[in-house]
Amino acid sequence: MPDPSLDIIAIGRASVDLYGQQIGARLEDMASFAKSVGGCPANIAIGAARLGLRSALVTRVGDEAFGRFIREQLAREGVDVRGVAADPKRLTALAILGVRDSSNFPLIFYREDCADAALDETDIDEDFIRSAGAIVVTGTHFARENSAAAQRKAMRIAREAGRRVIFDIDYRPNLWGLAGHGSGEQRYIPSGEVSAHLQTILPDCDLIVGTEEEVHIAGGTDDTLSALRRIRALSAAAIVLKRGPMGCAVFTGAIPASLEDGIKGSGFPVEVYNVLGAGDGFMSGLLRGYLRGEPWETTCAYANACGAILVSRLLCSPESPSWTELRHFLDHGSPERALRRDRQLAHLHWATTRRPGKSQILALAIDHRSQLEALADRCGAPRERLSRLKVLAVEAAARVSRGRGDIGMLIDDTHGREALFAAEGADLWIGRPVETPGSRPLTFEPGADLGSHLVEWPVTHTVKCLCFYHPDDPPALREAQEERLLALADAARTVGREYLVEIIAGPHGPLGPDTVAAVLRRLYAIGIKPDWWKLEPQMSAAAWQAIDAAIAKGDPYCRGVVLLGLEASEAELGEAFAAARGSACVKGFAVGRTIFAEPAEAWLSGRMDDAAIVDEMHRRFIRLIAAWEQAGR
């Protein structure tokens, strides 16, 4: 038997979770919901992948938008999706969840004839199961005859191949038909029928994991030690008992006289924000240690830390920690009992779990508002024509983009609303400005409520903010600028959007070899850690070395720097590209007027038609890319 190419395959539920965003309210009063991948096995597959395991999922989703979302998100997380089938007859399962208070978490499962519940033996591919070192089967998928048969088949194949079988008891009484639709959060109802069913699973398992209530249902008694002894009589598997804030206990042999005599894994004292999904995070950490052969003490530390991180945040799979984040928490702890308020941990989580980015961005910037309005006025053209101009710019960029994958645009929604719609389907990276043009101190165009404005944006759009900032600015001006940038950072992270900060220092003071680097060092010091910087060209290697050093120290997870163009000529930009050759952080450019200024004036004046301006902007953009590449970038 060849070595496994996967570490783990999880089998069973995959749903779309809709989490109420109003904390402390009844589901009846929820006004908005956050969407994420849910379902115990899907959460485990994502959590395991984030911790560096090669994970996969076997399930079904609907052949519709929610099903595609689950599949696409799993793939983005690095989960193998070969076992995720699209069911043409059924819809993707849903779960509606909320946080009422620290002990009540209302939950409604929408699972009537849903896709994942239709899983059957035909979904279990023998070669695929053999390709993993272990499989995870889950309790709720033994509640239906067809899905139980599928999991039993997978267990049989795994056992015959010498692979490990891991059983997450995952007991949801209402998914066994023991409670009504409105009782989704109920964790335990005794049932002899369910206990008898689960006990037929236990002998074929290598690892059994559950809370005390789940151990009770598996053991058929409400006494925890008696339940453990009943499980042990049926199975030689290692048993992991999850004990919430007390951590966990592991039993690898005979069950002792006290739970305290098991192998103990201490819990972490954190504020409980939402318990839903914490068990799946626990299992992900447990798998990282168990499948890598770590001692039980280390394995339990991983599991309990992951559970603590999850229980302190709102969502399920999106909150699972990365390996980098987990190691930081274990090595350094946190100054916050409410871990979601730990700024360093939150940044590590964001930077190591955000959507995959581009290695470089070559962008046509046409987010200009005041400059284009002045140009339209000068040409005697109605400002309404600027909307059409920006759509034509998207057409030019899309023509450049074909087959490349690194082309982007900066577009505003003042005159560029239709252009944004056009760009969304053109495989372009998109950045959108939020600043009031020319404002100094910085103000935001949408007004004070920036976060509410950003909620309307597609998650793939990057927030872009231009700030005219020089180290020699008066203190009051610097403080006002920094306050606005901190508000931007908070809003972008709260709504889960990447953001780009554009710094222009040159017009407001001398531009020396350390000027821009000094700005970056200051902004990093106060907690501004954008995904991207957009910076004016630096004509000395020393300036770029200083910028590189500032970014490396301030945020090694920064995606990079794109160069702005101002009103430079193509030749001047070629020199700027060459000067940045030695910079590790410079990853592209976002240039506007060099590409569109002259063609836009001709088009607004009626001397150029639509086809001609698209051709001209396309040619200029291509020439700029050629200059970038000739400069060794």
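Q: Helices (H or I, at least four residues) and strands (E, at least two) are DSSP runs here, numbered from the N terminus. On that basis, where does Arg559 lie?
A: This is a predicted model. In it, Arg559 is in the loop between α18 (541-554) and β20 (560-564).

Q: Is Arg559 buried or exposed?
A: Buried: its relative accessibility is 14%, and the cut-off for buried is under 20%.

Q: What does the side chain of Arg559 make a polar contact with?
A: The side chain of Glu498, at 2.7 Å.

Q: And which residues is Arg559 in contact with, leaving aside neighbours within four places in sequence?
A: Glu498 again, along with Arg354, Arg355, Pro356, Gly357, Asp531, Trp532 and Lys587.

Q: Switching to cysteines. How many disulfides does the count come to?
A: The count is 0. Cys306, for one, is in no disulfide, and the nearest cysteine sulfur, in Cys248, is 12 Å away.

Q: What about Cys585: which cysteine has the closest sulfur?
A: Cys558, at 6.4 Å. A disulfide needs the two sulfur atoms within 2.5 Å, so that pair is too far apart for a bond.

Q: Are Cys306 and Cys585 buried or exposed?
A: Cys306 is buried, at 1% relative accessibility. Cys585 is buried as well, with a relative accessible area of 12%.

Q: On to the sheet with β2. What is the strand order?
A: β3-β2-β6-β7, an open sheet of 4 strands with mixed pairing. β3 and β7 (107-110) are the edge strands, each pairing on one side only. From one strand to the next the twist averages 20 degrees.

Q: In what sense does β2 pair with β3, and with β6?
A: With β3 (residues 33-38) the pairing is antiparallel, over 6 bridges. With β6 (residues 93-97) it is parallel, over 5 bridges.

Q: Which residues stand opposite each other?
A: In β3, Lys35 is the bridge partner of Leu18, and Ala34 is opposite Tyr19. On the β6 side, Ser15 stands opposite Ala93.

Q: How many residues of β2 are buried?
A: 6 of the 6 in β2 (residues 15-20), so the strand is largely enclosed by the rest of the structure. Both faces are covered: Ser15, Asp17 and Tyr19 are buried on one side, and Val16, Leu18 and Gly20 on the other.

Q: Which strands does helix α2 lie across?
A: Helix α2 (residues 65-76) lies across β2, β3 and β6, and runs at about 65 degrees to β3.

Technical notes:
Residues are numbered from 1 along each chain as its sequence is written. This is a predicted model: local features need pLDDT of at least 70, side-chain atom pairs count only at pLDDT 80 or more; totals for chains, interfaces and linings use all residues. Side-chain values use heavy atoms; hydrogens and water are left out. Buried means under 20% relative accessible area, exposed over 50%, partly exposed in between (1.4 Å probe, protein chains only). Two strands pair if DSSP finds at least two bridges between them. A polar contact is a pair of N or O atoms within 3.5 Å; within protein, one must be able to donate a hydrogen and the other to accept it, and residues adjacent in sequence count only if both atoms are side-chain atoms. Contact means heavy atoms within 4.5 Å. Axes are lines fitted to C-alpha atoms, for helices over the stretch in contact, and angles run from 0 to 180 degrees between N-to-C directions.
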